[in-house]
Every structure is written in structure tokens, then in C-alpha cells.
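Here are a few notes to read alongside the structure. Have it open and look up each spot as you go.

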Amino acid sequence: MGVLGLTSFIDDTGEILTDYHFRNSKLVIDGTNLYLSLFFKSCLDQKHGGDYDDFEDQVCKFFKALRDCGIEPYVIIDGGSDFSDKKFETLLHRVQSTLNTANNLSKGLWGCGLLPILIKQVFKQVLSSLKVPFVQCIFEADQEIASLAQRWNCPVLSYDSDFYIFDIQAGYLPISHFKWHNASTQRWSTQNYIPCKRYTTTSFCRHFNINRQLLPVFAAIAGNDYVNLDKMGFPIRWEDNSPIEPNRNPRVVFFNKLLKWLASFQEQQEALDNVPRLIVSRNNQHNMDAALQALSLSIETYQLQPGCLEQFFIKDNAPDPGHLPDHLSVLPDWTLLPLMKGTLPSLHNIHSAAEASDTGSPS
């Protein structure tokens with residue numbers, strides 16, 4: 001989900017996304033986003049628990065388009081959820097939305113965003129049959145996706161607006177602008193390409209005149225899957241409280257004011273230290289400290305860490321258990337490789353239906 005409203009904000013700010021002819025490159029793909037996009041954009045049947053054959057056809061066509069353009073895909077699928085439950089409220093909202101959609105569809109009413117229960121397994125089977133390299137992360141995939149793309153200097157394909165925040169040198173290709181159906185192809189040509197739009201943090205920061213180190217601060221204050229100051233009782237109020245024009249989106253106004261405020265800082269900590277000045281709530285200092293701690297933890301999720309996926313793709317190696325987060329060190333060694341190859345299900349399957357409610361309107 002990422003930062004609510006950020007995708008449409010960037011789409012509407014015309015100078016940030018640039019036209020791009022993508023070809024002859026590696027591509028790190030957010031696999032969870034991809035199978036959701038292929039299923040829902042194809043208008044497949046959501047009422048009867050399947051339509052897997054048509055879904056398989058869409059997956060095959062997608063990867064053929066990549067192959068025809070010399071694009072080498074590496075698919076990364078989400079694994080288990082964050083053990084700290086930082087995203088609990090987000091996941092709960094998604095499950096509730098999915099249940100409401102299923103209830104509506106069962107009554108013959110309109111509904112959109114209900115994912116067939118075996119869709120992830122079918123997706124992995126099709127990838128295997130096509131010999132497309134893929135990995136199922138042991139935990140959430142965003143940081144691993146960004147780290148691998150940075151390591152290989154290639155872009156990321158997704159529609160999760162968190163990838164507008166990660167500082168990936170080769171950029172981010174939003175699925176919504178990835179026109180694989182319109183690939184320019186001629187047999188045996190090395191000039192085939194897929195028309196798309198590319199985003200880089202450089203273009204964003206140049207447009208709004210902010211330091212790229214402040215992008216994670218922007219995401220945390222704006223509110224993402226991990227922290228929302230407004231819901232915590234710490235609403236942001238700006239010194240300029242002029243009324244919003246009737247036709248202006250309040251979220252757009254908020255983003256613009258936040259970016260203007262951030263432009264006066266150079267370092268993350270400097271900006272964080274000044275956050276209390278934006279808060280109008282009279283909550284006690286203990287609660288304020290908790291809010292600032294939540295912001296700091298949210299910012300950390302955007303820091304690129306050395307990943308373990310390169311060794312998996314090159315040498316078929318699982319990560320050394322000593323390099324895993326402490327809460328995952330209890331996993332037996334023999335489980336790691338089957339988990340990453342997708343032959344063992346991830347814990348994420350217990351709420352995989354919740355993914356569907358995050359597909360209708362990308363953030």
C-alpha cells in the first residue's frame with residue numbers, strides 16, 4: 001500500500017515521471033503486486049473462486065513480452081508478515097475490506113478486489129513452468145526488492161508507492177504505466193522495447209528541492225503502513241491555515257506543504273527534532289516520545305540493507321541463519337531453501353486474501 005495518495009500525486013505532477021523505452025536489462029519484479037495486477041486488470045471472474053486458466057494465459061503473455069524485449073526478469077514474492085505487528089492495523093483493514101467484498105459478491109451485488117485463494121500457488125507454478133527465476137521471501141519483500149535492484153543497477157517493477165521512497169539508482173517502473181501489451185516488437189530485433197514511465201528519486205527531489213535523505217521522513221510523516229500520526233492523536237497543523245480551495249484535494253495540499261517544510265532541512269534527525277512544532281495535540285510527553293519513536297522505526301524500513309537474494313539467484317543458496325533477523329533465527333536450516341523456492345508455503349498465506357483489498361486503487 002505504501003503512502004496513501006502518493007501515486008496519484010506523482011502522476012498529477014507531470015515533470016517527475018519520464019517516458020522510457022525499456023529493453024535489454026534485468027528487471028526486479030514485485031511478484032505479489034504483479035500477480036494481483038494481472039488478475040484484476042484482466043477482468044477475470046471473481047465470483048466463483050478461480051478462472052486460473054485465463055490467469056495463467058495472462059502470466060505467460062506478460063513474460064513473453066519481456067523476453068521479446070531482451071528483459072531478464074527476477075520475481076520476488078512476499079513471505080511472512082512483520083513479526084512486530086507494526087502493520088496490524090493495515091492488515092486488519094484489508095481483511096475487513098475483503099470480507100465486505102466477498103459478502104457483496106455472494107449476494108449478487110457489485111464488488112471488486114476478491115482474490116482466488118490459490119492464486120499465489122498457481123502463479124508460482126506458472127513461473128516454474130516458464131523457467132522464470134523467482135524467490136519467495138522469508139519475510140516482507142520490499143527492502144529485499146530495493147536492495148537487489150540497487151545491487152544490480154536495474155529498475156523495480158511494482159505499484160507499491162513505497163518504491164517512490166527507496167533510493168534506487170536505476171529507478172522504479174510503476175505497473176500502471178508499464179504498457180507490456182503495446183510492446184514494440186520485431187522478430188529477432190534487439191531494439192524491441194516496452195513503453196513505460198520511469199521514476200527516480202533524483203527527479204522528485206529536484207522538482208521539490210529537497211534532500212533525498214528526507215524522503216523516508218516525508219513518507220513517515222505523511223503516513224504509511226507502519227505509522228499514522230493523525231490516528232495516533234497527533235494531527236499535523238501548518239502555520240498557513242488558509243482555507244483549501246473547493247476543487248483542491250486535501251491530500252495534495254498536505255503533500256505540498258509537507259515538502260515545502262522539509263525543504264528547509266538537510267538531515268533526517270534535524271527534521272524529526274522539529275516535528276513536535278507541527279503537532280497541535282496536547283497529549284503528554286510520553287505519548288509524543290512514542291510517536292517520534294514510531295516515526296523513526298518507519299524511516300528505518302526505507303534504509304537499503306545488504307540483501308540475501310543475489311546469492312540465492314546466482315548460487316541457489318539460502319541465507320546464513322546468522323544473517324537473519326533474531327526472530328527468524330529459530331527456523332531450522334533445512335526450511336530456508338524450500339521456503340525461498342516456494343515449495344513450502346509462507347506464513348503470509350494465512351492472510352493472503354487480505355492482499356486483494358490493496359489492489360483497487362494503488363497508493
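**Notes on the model**

1. Let's begin with a loop: Asp316 sits in the stretch between α12 (309-315) and α13 (333-341). Keep in mind that this is a predicted model. Asp316 isn't a glycine, yet its phi is positive, at about 60°. Is Asp316 buried, exposed or partly exposed? With a relative accessible area of 37%, Asp316 is partly exposed, because that value lies between the 20% and 50% cut-offs.

2. Now hop over to Asn209, in the loop that links α7 (201-208) to α8 (215-222). Here too is a non-glycine residue with a positive phi, about 60°. Asn209 counts as exposed, as its relative accessible area is 59%.

3. Next, find a pair of helices. The axes of α2 (residues 31-41) and α5 (residues 119-130) come within 11 Å and cross at roughly 105°. So α2 is roughly perpendicular to α5. On the α2 side, Gly31, Leu34, Tyr35 and Phe39 make the contact, while α5 brings in Ile119, Lys120 and Phe123. Sorted by class, that gives 5 nonpolar, 1 polar and 1 charged residues.

4. Finally, have a look inside. How many residues are in the largest nonpolar core? There are 105, and the ones with the most contacts inside it are Phe55, Phe62, Phe63, Phe178 and Phe204.

Methods:
Residues numbered from 1 in each chain as written. Predicted model: local features only at pLDDT ≥ 70, side-chain atom pairs only at ≥ 80, totals over all residues. Heavy atoms only, no water. Axes fitted to C-alpha atoms, helices over the stretch in contact; angles between N-to-C directions. Helix = DSSP H or I, 4+ residues; strand = E, 2+ residues; numbered from the N terminus. Parallel < 35°, antiparallel > 145°, perpendicular 65-115°, else oblique. Contact = heavy atoms within 4.5 Å. Nonpolar A, V, L, I, M, F, W, Y, C, P; charged D, E, K, R; others polar. Core = buried A, V, L, I, M, F, W, Y, C linked by side-chain atoms within 4.5 Å. Buried < 20%, exposed > 50% of the residue type's maximum accessible area, 1.4 Å probe, protein only.
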